[in-house]
Amino acid sequence: QRGALYGRGVARRMRVSVALPLAVTAAVATLFCSSYILGETNWSKASRVSVIMLPMSPDAHHPTPPNGGLADAAAAAALATPEDVVRTSAATAISVTPAASAAHSPPPPASTASPPSPPVVGCKRQVELPLVGAPFPASEYSGSFLVARRTPGRTADETRALLKTMLGLAALLGRSVVLPVEVCACTIPEDGAAGTCTGQGPPPFDCPLAVPLDPAAWTADTAGDFRVPPVKPARFLTGTLPDDFVRSHVRVLLPDGMDDSEVAHALRGYKDTRWLEIDNAATAFCGWDTRMPGNPAKMSSFLTVTDHLLSVAGASPAALHPCTHYRGGTGEVVQFTNLGQSCDRHIVLASEDKLPAAVRALPKGSDLMVTFATGSVATMALNWVRTTQAAGVSALLIGALDQSMMDACDQNQLPCILIEGGAVTAALQQRKAGNVRSDPALYPKMSVLKVGFYRELLTFGYNVWACDADAVFMRDPRPLMSTGGYVHADVAIATDCIDVPGDTRSPLLHCDFNTGLVYLRSKPATIEFAERWRETVANAKEHRIRDQAAFNMLTKVRRPEPLSIDGARVPRVFTVTAGTDGSPFNMAVLPLSRFLNGHTFFVQHAHTLPDAQPALSVHMTYQFAEGRSFAYGKRQRLREHGLWLVDRDDYYNGKYVTVSAASATLPYKPMGPTIDSREAVAYHLAEAKHRNQVIRTLLGIGKALGREVILPRMLCYCDFMWKEMKSCRVGGAESMRLPFDCPMDHVLNTPSFFGEFVDGQEGPNPLGVGVREPAFLSNPRVPAATKNSTAAVSLAGQRGLTDGRIRELLAPYADAGVLVLDGAVGAFCGFDDPAAHKRFVDLTGEMLHYRRTPFCTMEGSDDAPLFSQCCSPRKPGDKFFPCVHGFDPPDPLPACSAAR
């Protein structure tokens with residue numbers, strides 16, 4: 001019997017060791033000593049959190065973790081091997097424990113407070129099947145194998161088609177193929193059902209055949225370039241299997257009709273999976289894409305060999321599924337189940353009595369706003385707190401993922417919990433990039449801690465608003481969940497859709513749900529879902545499967561069904577299941593018109609439309625300026641709309657230079673809904689060229705005068721998106737207004753305008769000229785004395801002035817808080833000092849050269865289908881969407897009228 005014996009009934013299977021009191025005592029002492037050595041003796045500031053992976057047998061039970069006392073963390077530490085235990089501040093113990101036999105499993109921590117033990121959620125590890133025939137040597141299982149999931153009731157022709165698909169997939173992936181059970185006229189044992197096969201039959205089948213294939217053909221050498229992969233009989237997966245082999249068992253569902261390159265792309269993360277099971281395998285593969293060089297010969301050889309192997313008198317050749325060229329050739333796994341590790345649990349234990357006092361004082365059933373952050377984005381988390389408080393919410397909690405974030409919490413008197421993750425914490429400390437999202441291996445592990453902690457808060461009785469730190473609130477969202485149909489929702493989720501009118505008519509389910517904002521009501525079904533959600537992330541084989549991808553996989557494995565009560569449809573609420581066999585729960589899709597995303601708010605400006613309801617929140621998605629050390633684009637968007645509340649006073653207390661409204665842009669030119677994208681792009685690029693001239697002039701004059709630059713108004717005549725557009729609008733946003741006031745990251749190399757963050761502090765940009773957002777002067781924090789000290793100066797007719805001449809010309813306005821220039825383009829030519837001039841030209845050339853995705857237009861595409869590739873055909877003969885490149889380097893500075 002495999003599994004850690006952690007839960008009810010343990011005493012029936014093992015004797016309690018006298019080592020437990022010693023282990024607890026030692027662990028307690030170690031934790032106290034470690035805390036003392038580290039200088040972390042203030043036990044009231046951080047929750048006690050422990051993360052443990054417990055391998056469990058399919059019928060094992062586990063207790064809900066007890067919610068108090070240092071002994072909880074000590075017991076958790078006792079469960080781990082010494083090299084896996086990490087003792088952290090505030091008695092945090094995190095470990096990941098490999099599978100262990102029952103004989104070596106430690107006893108559970110004794111606790112009279114443990115509630116009844118629920119079954120392991122989502123445990124699907126295959127039980128040992130009765131052996132059929134002679135056992136295979138353990139060495140036979142050392143390779144990698146491809147298996148088709150059982151599907152009862154296949155016809156002979158369907159079984160031949162399945163065999164053809166499996167042979168092709170196994171050859172493509174370099175795997176041995178385990179023959180499907182449907183090929184046998186007898187039955188192979190299943191979970192809970194005995195089989196009739198005995199292992200007798202012609203090789204390589206080892207069973208009487210249900211399909212009249214020629215066994216001799218399968219054992220003879222084949223002619224041609226296609227090499228039949230190694231074949232194992234269906235009985236190969238019966239009997240006692242090596243534990244490491246069983247633990248590598250993963251089941252995946254692929255889109256229908258994928259070609260060779262699409263399959264290889266989708267399964268790139270599963271190369272080390274030894275037991276790879278394909279769900280709906282018969283429809284997954286269409287063969288080698290014959291449009292690619294060399295593939296016609298491969299496909300011909302494959303068909304010749306497999307048609308010979310699968311020939312049946314009087315029957316047509318077995319057919320593959322037609323190629324669908326899924327999503328432009330870059331398909332992904334649709335669903336996965338890590339069966340081999342589904343009985344492991346990555347437990348996050350949190351002591352309720354160590355939560356911050358303000359949180360503990362909340363009544364059960366209260367809504368609690370929760371976010372997570374590392375110290376590198378402490379200002380983003382602090383801004384989340386300030387905007388949430390400004391919206392009228394005080395029930396807040398930040399999960400600090402490193403000590404620097406905890407320090408920031410202490411400095412700003414924020415309710416925080418320090419959560420550390422052993423190897424995850426070490427990686428956080430050693431990472432080169434400040435932005436954790438840039439680490440594809442580390443970021444998913446963060447999601448395990450996040451979702452696991454959400455679950456613990458739910459068990460404490462809090463309803464959790466789980467938020468990314470860049471999802472800010474303008475108004476209190478809590479009353480919504482107590483009104484209308486939302487009272488029936490166990491979970492509520494935001495969406496990545498951008499079609500506001502469509503979502504208003506009916507929630508759009510084809511887009512990703514976005515877990516940057518999700519509401520979780522404290523109920524048993526929600527707690528079960530949170531546990532499955534956590535384990536799906538923890539057991540994923542692909543770095544792309546983080547909390548959001550896992551959430552979508554779980555809730556969309558079956559189509560959500562509209563909820564009806566007493567025959568009446570409940571608006572925006574659906575019944576979903578947590579995966580294929582989880583408990584049903586009710587999920588609401590939050591209205592896109594009120595919970596806006598980075599496109600609907602900052603590009604469409606949907607909240608400003610006539611009759612728009614007041615926006616409740618906005619999430620900084622669909623943006624293009626993730627810097628190496630900070631998310632500059634997100635901050636700048638928030639600044640542009642008055643939602644960045646944590647700038648220091650000196651940000652507002654300088655002297656500034658800007659241009660007049662008339663000088664900021666080219667003449668305003670509306671672009672109707674039928675405008676040709678190519679026409680709109682042409683004017684968009686003309687506007688960009690003018691903008692660069694304006695900004696370069698302002699940067700030069702600002703540098704010469706020692707003033708900060710207020711950026712001009714920035715208009716976009718075309719959307720910025722990574723996919724095809726029609727009328728310069730992306731699908732779903734066909735009704736958006738053009739032009740629009742565009743965010744800085746749409747048109748400028750935003751990170752280059754700001755300084756790097758070092759130890760949480762932002763330095764100056766390389767040019768030494770700070771910039772402010774276009775709407776800066778409308779911010780109430782700008783002193784009235786500055787706003788009222790404005791000098792309008794015309795530079796019309798002034799051309800080719802050096803920095804020295806600029807200072808002379810504008811000296812009379814030195815005391816003005818704000819200089820507003822008119823006719824500035826062409827007035828500044830550079831610096832008198834040659835070295836300073838070269839540095840300015842080089843730096844501003846980099847700042848104003850935006851190397852961005854080209855415009856991909858449906859116009860001129862010869863009716864290319866949706867999801868075709870932009871700019872060039874993906875494969876020879878494919879239609880594609882043409883591209884317009886732009887955003888060239890800025891024009892040279894004008895010639896100076898006098899020698900520098």
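1. Helices here are DSSP runs of H or I with at least four residues, strands are E runs of at least two, and both are numbered from the N terminus.

2. The model is predicted: local features need pLDDT of at least 70 and side-chain atom pairs count only at pLDDT 80 or more, while totals for chains, interfaces and linings use all residues. Residues are numbered from 1 along each chain as its sequence is written, and side-chain values use heavy atoms, with hydrogens and water left out.

3. H14 covers residues 524–538 and H15 residues 547–556; their axes come within 9 Å and cross at roughly 125 degrees. Axes are lines fitted to C-alpha atoms, for helices over the stretch in contact, with angles from 0 to 180 degrees between N-to-C directions. The two helices are therefore oblique to each other (under 35 degrees is roughly parallel, over 145 roughly antiparallel, 65 to 115 roughly perpendicular, and the rest oblique).

4. On the H14 side, the contact (heavy atoms within 4.5 Å) is made by Phe529, Arg532, Trp533, Thr536 and Val537. H15 contributes Asp547, Ala550, Phe551, Leu554 and Thr555. By class, this contact has 6 nonpolar, 2 polar and 2 charged residues. Ala, Val, Leu, Ile, Met, Phe, Trp, Tyr, Cys and Pro count as nonpolar, Asp, Glu, Lys and Arg as charged, and the others, Gly among them, as polar.

5. The disulfide count is 10, taking a disulfide as a pair of cysteine sulfur atoms within 2.5 Å. One of them joins Cys184 to Cys207, S to S 2.0 Å. The torsion about its S-S bond is about -80 degrees, so this disulfide is left-handed. Both cysteines lie in the loop between strand E5 (176–178) and helix H4 (215–219), so the pair ties together parts 23 residues apart in sequence. Cys184 is buried at 7% relative accessibility, and Cys207 is buried at 1% (buried is under 20% relative accessible area, exposed over 50%, partly exposed in between, with a 1.4 Å probe and protein chains only).

6. Another disulfide joins Cys718 to Cys728, S to S 2.1 Å. With -90 degrees about the S-S bond, this link is left-handed. Both Cys718 and Cys728 are buried.

7. Cys871 and Cys883 also form a disulfide, with sulfur atoms 2.0 Å apart. This link is left-handed, with -90 degrees about the S-S bond. Cys871 lies in the loop between strand E38 (855–856) and strand E39 (883–884), and Cys883 in strand E39, 12 residues apart. Cys871 is partly exposed at 33% relative accessibility.
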